[in-house]
Amino acid sequence: MFFRVASPRRPSRLLAAAVSLTTPLLPEDFVSLVDPLWSTTALRGRVVEVRPETARATTLRIRPGRGWTGHRAGQYVRIGVDVNGVRHWRTYSLSGPESPADGCLTVTVQAQPDGVVSGHLAHSAPVGTIVQLEPADGDFVLPSTASGPLLMITAGSGITPVMAMLRTLAALGPLPDLVLLHSAPTAAEVIFNDELRALAEQHPSARLALRHTTTEGRLDLAELDTLCPDWREREAFVCGPTGLLDAAARHWASQPDRLHVERFTPPPRSAGGSGGAVSYGSADPVEVDGGTSLLEAGEAAGVLLPSGCRMGICFGCVLPLREGQVRDLRTGEVHGEPGDLVQTCISGASGAARLDTPTT
Amino acid sequence: MTITLPDRVTPAPTDKTTSNKTAERRVHPVPSTPAPEACDLTAAQVEELGRRLDEIRDRVIASRGADDAAYIRRVISTQRKLEIAGRALLFAGILPPAWLAGTTLLSIAKILENMEIGHNVLHGQWDWMRDPKIHSSTWEWDLVSDAKSWKHSHNYMHHTYTNVVGKDRDVGYGILRLSEEQSWRPYYLGNPVYNFLLSLFFQWGVALHDLEVEKVASGEKSKADVWRQIKGIGRKMRRQFTKDYLVFPALAGPFFLPVLAGNATANLVRNIWSHAVIFCGHFPDGTVQFTEEQLEGETRGQWYLRQMLGSANLDGGPLFHLMTGNLSFQIEHHLFPDLPSNRYSEIAPEVRELCAEYGLPYTTGSLGTQYLQVLKKINRLALPPKHVTPRQIG
């Protein structure tokens, strides 16, 4: 989403009085000249430490501003970062333990090939960078009551939420009976390599099996019967590429309650081209041909839409994009992320998309 | 002055017979006042000009990036610091030097806030950054007019129908006679006085002009709509008034009056300055007004042409351009209202060259010269036309 606010809090009387001095701005718009983290409408954080983990992965320790309420191990956070002047939002698992002593949150970002945001965070976000945050979220978390034995299957950067679990458990005392099967292409690409090995050494109850897929091939879940014969008795946590998650869902088909997966589905992207089915608000999708603007198509379908100049200059027709992407009819550029405000009068369809419509 | 633009026939670019036919149609300026004789273009040339302007726009759009984002954040941060400094100094406003310095800083801050920041953010020039704190849909400015109403009357009506008498309400703001196309009434004898008052109370004039009350009589707007808008503007006016004329002076305790006077002066300076800059954008000699008939079937190229002929630039240095909100590049702004303002100076030489190449006027001059011309025009139009010439329509 585009316009995100931290959980609303009741403004104090002092704050309300201060607003009468700063109207039409908010006091925080002035305070943030000094401290950008002091905001009641935008949750922000400052990068306080950058620690390279592998050639592609970097851990960022981030001091959150007002409004951060902590996280449960395994949860993710949405981070907004400005890359070449443009704000992008991405979701990353938190890799640090619950309730860290320093109050900071950590994410470990692995640069994806062609990944604008992951590449930026992994390699070009120095200490001091201000990022936008959202409260932690996600239900890929350890059961709240003490549980039986655990099995964790991770691959690549899928280790990050599990690392948060291991760190949280290790801070509480000896680790419970757990097996971690982690895959990475080579030894050099194993994120948290040393820490994982150290944990396994310190805690006899934890067994670590690292797999280097370049030489050993990918993990086949059929191997579980030999790698972890009692896998059916364990609470399983799986995080990794879609292929692994799908295989896990099949493997645990008979006891799906035992399986927890973290699945990051990237927002649907347009496959390019023009024309597509566009939904306006909750109405049924409208087929929009390549040459018609989203404004004209919506109006033709009887949707009440704001409009203005109808030539792309006045921004009177913008609507928030919820899903999919749109095509700029002037330049042919296909663009859009969920939450972007798009000018409907000069945007056409490019695959399926959904726009929010004004409620009044 | 009125000119006719090429006929409103859009030639299909691939259809040779149509192009040839329209190529014979030429622009014939109507010689009511000194006319841009140079504007003698074929329809095909006008569309070619449009394509070349599109290229300039595409190039700037493709090169927007971190430097531009840093620019607007720097301006915003500077403006806020100036405002804090100005208001702080005014608390010591019992001392004349502090009052003068405080009022000056606050005036500069208010001008920057209004012009380089507010006007341009509300145009969506910075929407591409996707920062909700610097976005046309969330911005509100330090003026009595509320952003929503202003975006309609300015971004839509003024920028789409620029200088079209009867459509673009910036032509006279509903109270002045700024074009021969507006028929004379005895009321207009007060033209210079109305202009003087508008200049002093410009932000109030803009707020009321956003209401478009005359549209109620013509049935284009319902009374309920106007009433809803009045309530919105009323809230805004009350907050603005309270801040500058009650809360800040009251905070100064015994120095209530110096603070009140400083705030009032800063608002006055901003009003006079923005009025001057804005009026120099469309009404000096050489700028052209248009009739509603000329809008019919207007092509992209013709729209560009109207923007160029209807706007005028101001000469000056970088600081001057900043203080005008880069509206000193009014021609470039009207061609590309949504390009970041810091880029207008970069494309201005190219636009000027294009004008020269196509034999179009590129009206520009110093603020003093242009404003004098505007004032003369306002005086001249206060009086009835000396001899009536039948209005010609292209």
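Two strands count as paired if DSSP finds at least two bridges between them. Keep that in mind for the exercises below, all of which use a predicted model.

**Exercise 1. Work out how E8 and E9 of chain A are connected, and what sits between them.**

Start with the pairing. Strand E8 (residues 178-184) and strand E9 (residues 206-212) of chain A share seven bridges and run parallel. For a landmark, find A:Leu180 and look across to E9(A): A:Leu208 stands opposite. Next, follow the chain through helix H5 (residues 193-202) of chain A: E8(A), this helix and E9(A) form a β-α-β unit, and it is right-handed.

Now stop in the loop between E8 and H5 of chain A, where you'll find A:Phe192. This residue isn't a glycine, yet its phi is positive, at about 65 degrees. Most residues other than glycine have a negative phi. Is A:Phe192 buried or exposed? The cut-off for buried is 20 or more other C-beta atoms within 10 Å. A:Phe192 has 22 of them, so it is buried.

**Exercise 2. Describe the side of chain A that touches chain B.**

Count residues to begin with: chain A puts in 24 and chain B 35. On the chain A side, the elements giving two or more residues are helix H1 (13-22) and strand E4 (86-93). Sorted by class, that side has 14 nonpolar, seven polar and three charged residues.

While you're around H1, check the loop between H1 and helix H2 (27-31) of chain A, which holds A:Pro24. The peptide bond joining A:Thr23 and A:Pro24 is cis, with omega about 5 degrees. Most peptide bonds are trans.

**Exercise 3. Classify how H10 of chain B packs against H6 and H15 of chain B.**

Take H6 to begin with. Helix H6 (residues 191-200) and helix H10 (residues 256-282) of chain B have axes 7 Å apart, at an angle of about 125 degrees. That angle makes H6(B) oblique to H10(B). From H6(B) come B:Leu198, B:Ser199 and B:Leu200; they meet B:Leu268, B:Asn271, B:Ile272 and B:His275 in H10(B). By class, this contact has four nonpolar, three polar and no charged residues.

Now do H15. H10(B) and helix H15 (residues 367-380) of chain B pack at about 75 degrees, with axes 9 Å apart. The range for roughly perpendicular is 65 to 115 degrees. H10(B) and H15(B) are therefore roughly perpendicular to each other. Here B:Ala276, B:Phe279 and B:Cys280 of H10(B) meet B:Leu367, B:Gln370, B:Tyr371 and B:Val374 of H15(B). The class count is six nonpolar, one polar and no charged residues.

**Exercise 4. Decide how well covered H5 of chain B is, and name what covers it.**

Helix H5 (residues 147-160) of chain B has 14 residues, 10 of them buried, making it mostly covered. Among the buried ones are B:Trp150, B:Lys151, B:His154 and B:Met157. Their cover includes helix H4 (96-122), helix H7 (202-209), helix H9 (223-251) and helix H13 (330-335) of chain B.

In H9 of chain B, pick out B:Gly234. With 13 C-beta neighbours inside 10 Å, B:Gly234 is partly exposed.

For H13, go to the loop between helix H12 (318-323) and H13 of chain B, where B:Asn326 sits. B:Asn326 is another non-glycine with a positive phi, about 60 degrees. How many C-beta neighbours does B:Asn326 have inside 10 Å? There are 25, so B:Asn326 counts as buried.

Conventions. Residues numbered from 1 in each chain as written. Chains lettered and ligands numbered in written order. Predicted model: local features only at pLDDT ≥ 70, side-chain atom pairs only at ≥ 80, totals over all residues. Helix = DSSP H or I, 4+ residues; strand = E, 2+ residues; numbered from the N terminus. Right-handed = clockwise from strand over helix to strand, strands pointing away. Contact = placed C-beta atoms within 7 Å. Nonpolar A, V, L, I, M, F, W, Y, C, P; charged D, E, K, R; others polar. Axes fitted to C-alpha atoms, helices over the stretch in contact; angles between N-to-C directions. Parallel < 35°, antiparallel > 145°, perpendicular 65-115°, else oblique. Buried ≥ 20, exposed ≤ 12 C-beta atoms within 10 Å, placed from the backbone.
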